[in-house]
Amino acid sequence: MRIIDISLDISNDTASFPGDPKVEVKRIFDIKKGDIATVSKLSLSSHTATHIDAPAHFIKDGLTVDKLPLEHLVGKVKVFEVPEENEITRSFLEKKHIEKEKAIFFKTKNSQYIRLNKFYEKYVSLSLDAADYLIEKGVKVVGIDYLSIEEFGSEDYSVHKSLLSNGIIIIEGLNLLDVSEGEYEFIALPLRIKGCDGAPARVVLIER
């Protein structure tokens, strides 16, 4: 069994989605400075680095991250490589013969710059017709290798709203650079922040 950590580091250098709070990790007490213990203060967005979007992110009265069904966040996943496309479309997905998949992660050109500490606006996103197709297929979790699954500059966030209103959990900021297309098991557990719209998560793939 091999465990592959596909989570991003969180540090003061971590890139944030434009408009979101910047990450601040500050050492408050430090053993090296004579304190009895080392303690740090964290300040960050609920959508920092590798994170999970709960329905409450865009849906009024939607489930908050602490209420998400954990059975959807553990199980089998298919990783699909999207090597050339600038957008993941329904026509692309139809060629993948998706049937009864619990979770799908997309490895795109985004993986080339997901680890960079600078936001890249021209990332590969999911189209609305592709989102509708995944809903039709009964997928429960969709993950992508950048900080948003939605096209940058969207004004209506129709992809997020479509997925989340249909109970599909979104995982963003996956670190899939060293992962090959295929079937894996996955675990994706967000911080249990009461009443929150999302949370950073530690996400791993398990290859048996």
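Predicted model: local features only at pLDDT ≥ 70, side-chain atom pairs only at ≥ 80, totals over all residues.

Student: Happy with that. Why is the pair of F119 and Y123 called edge-to-face?

Tutor: Rings of Phe, Tyr and Trp (its six-membered ring) pair if their centres lie within 6.5 Å; planes under 30 degrees apart are stacked, over 60 edge-to-face, and the rest tilted. The structure holds 12 aromatic pairs. For F119 and Y123 the centres are 6.1 Å apart and the planes stand at 80°, so the pair is edge-to-face. Both also belong to a cluster linked by ring pairs, with F17, Y113, Y120, Y146 and F152.

Student: How do you know whether F119 is buried or exposed?

Tutor: Buried means under 20% relative accessible area, exposed over 50%, and partly exposed in between (1.4 Å probe, protein chains only). F119 has 17%, so F119 is buried. Y123, at 5%, counts as buried too.

Student: And what makes F29 count as buried, exposed or partly exposed?

Tutor: F29 comes to 43% relative accessibility, so the label is partly exposed. You will find F29 in strand β2 (residues 24-29); strands are DSSP runs of E, at least two residues, and helices are runs of H or I, at least four, numbered from the N terminus.

Student: What makes R202 and D5 a salt bridge?

Tutor: The rule asks for a side-chain nitrogen of Lys or Arg within 4 Å of a carboxyl oxygen of Asp or Glu. The N to O distance between R202 and D5 is 2.7 Å, and their side chains meet in a salt bridge. R202 lies in strand β12 (residues 198-207) and D5 in strand β1 (residues 2-5), so the pair ties together parts that are 197 residues apart in sequence. By area, R202 is exposed at 56%, whereas D5 is partly exposed at 34%.

Student: How many salt bridges does the rule give?

Tutor: The count comes to 11. Among them, E99 bridges to K137 with the closest N and O atoms 3.0 Å apart, and R115 meets D178 at 2.8 Å. K78, E101 and E183 are linked in a network of salt bridges.

How values were computed: Residues numbered from 1 in each chain as written. Heavy atoms only, no water.
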